[in-house]
Amino acid sequence: MTVPHQRTHPESALALHGLVKRFETKVAVAGIDLDVPAGSFFGLLGPNGAGKTTTLSMAVGLLRPDAGQARVLGYDVWADPIAAKARIGVLPDGVRLFDRLTGTELLAYHGLLRGMDAGDVDRRAAELMDVLELGTGNRTLVVDYSAGMKKKIGLACALLHAPRLLVLDEPFEAVDPVSAALIRDILHRYVAGGGTVVFSSHVMAVVERLCSHVAIMADGAIRVRGTLAEVRGDRSLEDVFVEVVGGRTATGSELAWL
Amino acid sequence: MAVKAHHFVRLKLRLTANGLRGQSWRVVMFVLGALFGLFGAFTGYIIFCLPGLLEKQRAAEIVTPLGGALIVLSWLFVPLLLFGVDESLDPARFALLPLRRPTLIKGLLVASLVGLPALATFVATLGVVHAAARLGGPAAALTALAGVASGLLLCVAISRAVTSAFATALRSRRARDLATVLLAGTTALIGPLQIAALAGAQYADWGRFGVVADVVAWTPFGAPYSVGLDVAAGRAWAVPVKFVMVLATLGVLLWWWSATVEKAMLGAAGAGGARQRAASRRGAVAELVPRWLPANRFGALTAREVRYWWRETRRRASLITFFVIGVFLPVFVTLGSESSTTPTGMLIFVGALAAATLANQFGFEGSAYAANVVAGVPGRVELTSRVAGFTVYAGPALVAITLVVGGVTNRPQEIPALFGTLVAAFAVGLAIVLPVSVGAAYPLPDTVNPFAMSSGGGMAKGLLSIGALFGTALATAPLLLGSWLLGDAWLWLGLPIGVGYGAAAFAIGLRLTGPMLDRRMPELLATVSAAQ
């Protein structure tokens with residue numbers, strides 16, 4: 001690779017410039033610019049189909065953009081994928097895990113794939129299984145896990161190699177309240193320790209509780225961005241979201257037969 | 001509004017059309033498949049009607065039941081072995097709709113009739129009607145037409161019933177051993193037919209052949225095709241008997257199918273249940289990576305592959321299928337042919353078939369491959385580990401096949417050379433299949449039926465496998481030439497030359513495909529994880 005390993009914008013953990021993705025005729029993401037400051041807890045909001053998953057997939061190297069750049073801690077994801085991918089942990093949404101492995105096997109797989117030392121993998125895997133209450137010595141195949149457990153083992157795989165940037169797509173979907181609280185705790189501690197979290201969601205309550213920074217997406221473009229306080233102002237985040245996205249409000253006359 | 005069979009047909013046509021939309025390679029596959037079907041249909045038509053055109057009643061009585069039985073058996077085995085079943089109308093998707101089971105079965109059956117294979121079969125067997133018309137006039141032709149129609153229904157029903165039952169059997173993890181035996185047994189049925197065909201072809205002994213044909217004409221496989229000729233020969237009494245036999249078989253098959261469909265529909269929601277396994281006290285790495293593999297990236301990838309070949313039903317099905325064909329085919333060919341030459345050509349076919357199992361290796365796991373993309377696994381490591389994982393199963397199978405063939409031909413001195421040829425064919429096949437698996441991957445539907453294919457996918461799978469087989473046959477031709485030219489020296493040189501030739505071919509294939517995978521990783525992921 002002839003691209004120099006130089007770091008630009010060391011202050012932003014994730015920097016997207018002019019990202020575009022078209023699927024056949026539909027424009028899924030129409031030129032997104034986004035800077036995620038290092039050490040921030042960044043929430044990417046948007047209704048279904050806004051392009052959140054497409055954007056995050058392009059940011060972590062899962063989907064090749066038609067145009068634009070994505071940089072992780074200064075490393076270009078598409079020009080220098082090895083250096084960039086080594087620094088991120090990803091929890092994709094709507095993507096299957098290697099679910100014919102047991103939870104521990106899956107963790108070992110991810111750890112060794114990341115080039116970790118076998119001893120470290122053993123220690124961290126046991127700790128993660130314990131902390132995330134997936135059961136130490138549990139030999140159930142991941143395919144037989146519940147939806148919430150699958151999210152948790154996916155999160156564990158993303159955390160295992162202690163990346164500096166975590167990109168989580170819908171980490172709280174299908175997770176029960178107890179597990180959600182646990183995941184929130186872990187992510188809080190991770191950010192307090194200097195890590196950066198980018199996650200997508202459409203659950204306003206979670207975002208308001210967790211995030212330092214927010215961006216709202218609709219129709220493949222970012223409509224509003226800034227710190228939580230800037231975006232929210234003196235209103236609730238939900239009101240801002242509905243106004244920005246342009247949702248319809250019920251008049252009471254439709255669905256009268258229901 | 002009552003649901004009628006034509007709704008299923010329209011759904012099937014719509015799904016097929018949507019599957020083709022905007023995917024040029026699928027259109028190409030579809031057109032190629034249509035051409036193949038057309039070719040097969042006309043060849044079949046000519047073979048069936050030729051005896052009639054020549055006014056040879058006895059020849060027709062031999063060709064028709066045997067040809068018809070061959071067609072029914074192909075409907076039984078080809079989906080299992082090569083193409084997979086078009087599960088675009090997966091019964092599980094109808095589980096929540098208020099449909100009565102007879103309606104569902106009727107709809108699925110009629111929808112199965114709409115498709116290239118059914119159409120090609122129908123056109124081919126119309127040759128029987130043509131022949132009957134020439135030999136016995138309109139009455140014979142009408143009877144033959146009814147026979148051919150019932151034969152088509154039998155073909156479709158047998159194919160759906162057996163694959164559905166087999167899929168249900170394989171899904172239950174405990175029943176897999178039973179399924180293995182069943183498949184082996186049914187595949188073994190090919191043997192007697194083959195022996196009969198080969199023996200007949202060699203001696204052109206029409207008398208012996210005729211006896212076989214007369215027997216087959218009284219089985220449900222040959223009966224639907226022979227009724228027209230019975231009328232022509234003045235055996236009208238046989239017609240109702242044969243029709244009762246065919247309809248009874250059809251009834252049993254439909255009943256069996258509907259029973260397994262019920263299970264398949266329930267299975268989608270409550271499949272398996274968590275397997276209780278003994279708790280492990282070992283470390284995570286020791287649990288994943290066996291002791292004989294290094295505890296690094298290569299070891300992890302290979303260990304995962306080894307587990308997947310056994311734990312995933314789709315892979316397990318292709319593994320078992322390969323093993324059964326690999327052992328049985330060379331044995332039957334050897335036993336069937338009277339000449340005592342060793343079946344080298346057949347071994348090359350088997351080696352290539354082993355490699356062709358990997359033709360869509362990335363399609364097996366679908367979107368789960370994202371984990372490897374995110375971790376940035378280098379292409380060469382990815383490919384070597386996959387081949388290593390498969391060889392853990394294929395390697396012993398290849399050894400076993402060589403030993404069995406050497407034993408059956410009673411020429412143990414040829415075993416080393418045979419093994420060399422087999423290894424060379426396997427490695428050459430891999431060299432051809434690796435770029436195919438990266439460049440021409442296709443998504444597999446997310447169902448528990450290991451034989452399920454998305455619409456159009458079956459054609460892709462079959463054509464890719466056949467292409468790989470052809471390529472391997474061509475690329476291993478120098479070895480065959482060598483074995484002829486070198487004579488007895490080949491007995492000793494065969495092993496080193498075969499292994500060396502294979503290793504070189506594999507190295508070239510890997511060298512070319514590694515960088516290709518590095519470049520195409522996100523595109524490959526998008527292809528295999530596309531929702532069908």
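Student: What should I know about numbering and cut-offs here?
Tutor: Residues are numbered from 1 along each chain as its sequence is written, and chains are lettered from A and ligands numbered from 1 in the order in which they are written. The model is predicted, so local features need pLDDT of at least 70 and side-chain atom pairs count only at pLDDT 80 or more, while totals for chains, interfaces and linings use all residues.

Student: What does the predictor give the complex for ipTM and pTM?
Tutor: An ipTM of 0.89 and a pTM of 0.73.

Student: How many helices and strands does chain B have?
Tutor: 21 helices and 2 strands. Both are DSSP runs numbered from the N terminus: helices are H or I with at least four residues, strands are E with at least two.

Student: How much of chain B is buried?
Tutor: Buried residues are 49% of its 532 residues. Buried means that 20 or more other C-beta atoms lie within 10 Å of the residue's own, exposed means 12 or fewer, and partly exposed is in between, with C-beta atoms placed from the backbone.

Student: Next, chain B against chain A. How many residues are in contact?
Tutor: 42 residues of chain B are in contact with 38 of chain A. On the side of chain B, α11 (284–288), α12, α16 (370–375) and α21 give two or more residues each. The most come from α12(B), with 7 residues. By class, that side has 20 nonpolar, 11 polar and 11 charged residues. Ala, Val, Leu, Ile, Met, Phe, Trp, Tyr, Cys and Pro count as nonpolar, Asp, Glu, Lys and Arg as charged, and the others, Gly among them, as polar.

Student: Why is α12(B) called largely enclosed?
Tutor: Because 12 of its 15 residues are buried. Among them are Arg297(B), Glu305(B) and Trp309(B).

Student: How do α18(B) and α21(B) pack?
Tutor: Helix α18(B), residues 415–439, and helix α21(B), residues 490–529, pack at about 10 degrees with their axes 7 Å apart. They are therefore roughly parallel. The residues of their contact divide into 29 nonpolar, 8 polar and 1 charged. Axes are lines fitted to C-alpha atoms, for helices over the stretch in contact, and angles run from 0 to 180 degrees between N-to-C directions. Under 35 degrees counts as roughly parallel, over 145 as roughly antiparallel, 65 to 115 as roughly perpendicular and the rest as oblique.

Student: Back to chain A. What is phi of Glu133(A)?
Tutor: Near 55 degrees, a positive value in a residue other than glycine. Glu133(A) lies in the loop between α4 (118–131) and α5 (147–159) of chain A.

Student: Exposed or buried, that Glu133(A)?
Tutor: Exposed, with 12 C-beta neighbours inside 10 Å.

Definitions and conventions: Contact = placed C-beta atoms within 7 Å.
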